[in-house]
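Open the model in your viewer and keep the selection tool at hand. This tour goes stop by stop.

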Amino acid sequence: MDPEAARTVLESLELASNISNILDTGLDRHTLSVLIALCDLGVNPEALAVVVKELKREKISSSYSLPAAPSSLA
């Protein structure tokens with residue numbers, strides 16, 4: 001990749017990261033770069049949004065699950 005293209009990619013990622021932070025999406029730069037790359041490959045952005053929301057929902061629900069009961073020492 002030539003330096004000009006690399007600079008453009010980094011600037012675009014920085015802009016997307018700033019927008020993500022303003023919207024409080026909770027997505028880090030790495031995740032954003034993966035999502036952008038998937039869109040560039042033709043993956044439907046709306047489908048990606050559904051997957052991201054579902055993964056966040058699963059993460060939240062698993063963090064609220066009760067810890068396993070300690071095993072008794074007999």
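Which residues does Ser20 touch, not counting residues up to four places away in sequence? Select Ser20, then Thr25, Leu27 and Leu32: these are its contacts (heavy atoms within 4.5 Å). Ser20 lies in helix α1 (helices are DSSP runs of H or I, at least four residues, numbered from the N terminus). Ser20 is buried, at 4% relative accessible area (buried is under 20%, exposed over 50%, partly exposed in between, with a 1.4 Å probe and protein chains only).

A word on the source. This is a predicted model, where local features need pLDDT of at least 70, side-chain atom pairs count only at pLDDT 80 or more, and totals for chains, interfaces and linings use all residues. Residues are numbered from 1 along each chain as its sequence is written, and side-chain values use heavy atoms, leaving out hydrogens and water.

Next, select Glu4 and Arg7. Their side chains meet in a salt bridge, 2.5 Å from N to O (a side-chain nitrogen of Lys or Arg within 4 Å of a carboxyl oxygen of Asp or Glu). Both residues lie in helix α1, three residues apart. Glu11 forms a salt bridge with Arg7, with the closest N and O atoms 3.4 Å apart. Glu11 is partly exposed, at 46%.

Now select Arg29 and Glu14. Their salt bridge brings the closest N and O atoms to 2.3 Å. This pair links distant parts of the chain: Arg29 is in helix α2, Glu14 in helix α1, 15 residues apart.

Last stop: Leu15. Leu15 sits in helix α1, residues 3–22. Leu15 is exposed, with a relative accessible area of 53%.

Methods
Helix = DSSP H or I, 4+ residues; strand = E, 2+ residues; numbered from the N terminus.
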